[in-house]
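Hi everyone, thanks for coming. Let me put the structure up, and then we can walk through it together.

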Amino acid sequence: MSALLDVRVAAIRELTPVIREYRLEALGGALPGFSAGSHVQLHLPNGRRNAYSLLGDPADTRQYRIAVRQQEASRGGSRYLHQQLRAGDVLRLSAPANLFPLHSEARKHLLVAAGIGITPFLAHSRELLRQGADFELHYAYRAGVSDAYLAELRQLLGPRLAEYPAGQRRLDPAALLRGRPLGSHVYACGPQSLLLDLKEQAAAQGWSDRRVHWEAFAAPEPGQPFRVELARSGRQLEVGADQSLLEALEANGVEIPNLCRGGVCGQCQTPYLKGDVEHRDHFLAAAERSNSLMPCVSRGCGSPILLDI
Amino acid sequence: MTTLTFKPLETYRDDFSFRNSPEAIARFPFPFPEDQYMYSVNLEPAVSRDPGSVFEHLFDVDEHYVSEMAERARVLERDPERCLVMPHMAPAAWDTLALLMENLSRDYPQHFRLDREGDAWHWHNLALGIDQRFTFGDPATLPCEPLEYITRQMQGDFAVLDQRDGDLFMDAGMVTCPADWSLRFDAGMSFKQWHSPVPMAHQIGVFDRALKYLLNIQVGAPVRRLNWTLTINPRLDTSPETYHEWGNDRGKVTPDNVGRLVHLRVELQLMVRLPRSNALLFGIRTYLISLDELVSNPAWARRMHRVMRDLPAPIADYKGITRYRQTLVDWLRRFDPEA
């Protein structure tokens, strides 16, 4: 696992009534550089570890910037950041990791964002401008609520920015993808419904999977409490309703490699021997699900799970 | 703390004056943890360990530094295409330059210095007498392309791998001392394509596991492993491009010259995630030791005998040992009294 970084909250800025930006600076020296599309995991004092995209200019290693939307169904992560975190507080972060990079073979980049899904594209836009690349940013938002960075983007991108304010203009993935030249790649970040629609339309129009990139919101959904047993030590754990299996393991001193904490990256894949599992991940093939689960999102839904660890 | 002193100029061709000092023999990375050799994904976190050893610093500089850099310059003079950077790898080339300069100046301050003021950089390489001011990110301010510039000052070869489509692609590099492979031939290939000549390992799934591991290497968490082969004479440039100059040497091994001619060649391979470009830097630092030098360590001598004797034939063949293997094993047997 990567070394952890200690940072200080240099400033907190309210962008909309539900979105705040946090500027994080190193306690000593510079922060590691990062590539556009990278995220960091915040290790919160309440035991939560949430992943947030780095939205600052990748060329700037003096500070990291993240933006957080307060989730109504928050399990404690976004609520803590919005209500308790103050400027001057010290936080612990993982080193940046990139599960959403720009593709080096793309000749045209189509960036599709909805709401707080705009964050990775702020870094991408700066990188693409620096490269002089051909790109467009399509941004769906609710005016006054989820339109963080709109003014900044208008200024930065000019005609490269296409806006879809809720209630006025609908973002239609089919139209957006139609007639694009071979060599176009599409990148999407936003709610599940948008990502599914986009992936479906891309497949229908014959786009190969290699040209379609997406990043889901990583926070695991709450569910029913369930029981887990570790086969090799015989230990038994209870996983609470608003806790993930990964978090429960960590709280009991069992560290499992992980990057996205949202069922995407595949790092935390863990074998199990029996139990009823609700998988919820985007990584495992159907055949693998009979003996592997992703503890960052998978939950028990009946008989207790016996993990092969 | 040991001080690093460079030996006077040695050669890796013609009269082959390359030799290891007793200190260099003592720190040689002997690669066999057991009496038998089989492929494994023997990767470990590249953290500093064993002060004075090749594992102390992320990039090891040793007594052969000046000689090895002179050899690299000679190879490049004859064949400039040993360094290759595809246009989309320009950011990764700058990433590499920054990483190498930062590490060398921190780990060997008596030989390398780096002063930075924003993008205005000032690099001193006292070992080679280089004093260079340049603007980071602007290739016009360096005498050559940035990957070539910095790796002309680094021991070992470097491949810079682009990561896309869940795979790695060899899209840039500096390769002047390869163990019989060619950057020009492998350029643009995927991980499994450039490993396709390796026998046996595909069947046991080594490459599937290794690729999955490499794709997930993170910023600030580099890893390393050792690899090995044998080379006749202390020749660094055993590339396919110059095969006509060295391939024939394998027929020259006799019972009388084994110790002098046959060299164990160990690669300390290093894999580092480059922060700005998300490319993977693959460093291949090569160490050579003659068998005469190697058998000065009785434990190494005995194990070397057993490994060579029991090596599966396809692996011996792939590593180019078959032609002189019996002569080698016969010679090594005298160092293994229990055999």
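Strand β10 of chain B, residues 280-290, gives the most to the lining of the largest cavity, with three residues; strands here are DSSP runs (E, at least two residues) and helices are H or I runs of at least four, both numbered from the N terminus. Before going on: this is a predicted model, where local features need pLDDT of at least 70, side-chain atom pairs count only at pLDDT 80 or more, and totals for chains, interfaces and linings use all residues. Residues are numbered from 1 along each chain as its sequence is written, chains are lettered from A and ligands numbered from 1 in the order written, and side-chain values use heavy atoms, without hydrogens and water.

So what is in that lining? Of its 16 residues, B:N20, B:D62, B:H64, B:Y287 and B:L288 are the closest to the cavity centre. A cavity, on a 1 Å grid over the protein atoms alone, is a set of points where a 1.4 Å probe fits but cannot get out, and lining residues have an atom within 4 Å of a point. The space comes to about 120 Å³, counted as the space filled by probe spheres set on points joined across faces, edges and corners.

Now over to chain A and helix α3, residues 150-157, where A:L150, A:L153 and A:L157 are buried (under 20% relative accessible area with a 1.4 Å probe, protein chains only; exposed is over 50%). Seen down the axis, these buried residues fall within an arc of 60°, taken from the directions from axis to C-beta atoms, so they line one face of the helix. On the other side, A:A151 and A:Q155 are exposed. After α3 of chain A comes A:G158, with a positive phi near 55°. Thanks, all!

Definitions and conventions. On a 1 Å grid over the protein atoms alone, a cavity is a set of points where a 1.4 Å probe fits but cannot get out, and a pocket is an open set with protein on both sides within 12 Å along at least five of seven lines; lining residues have an atom within 4 Å of a point.
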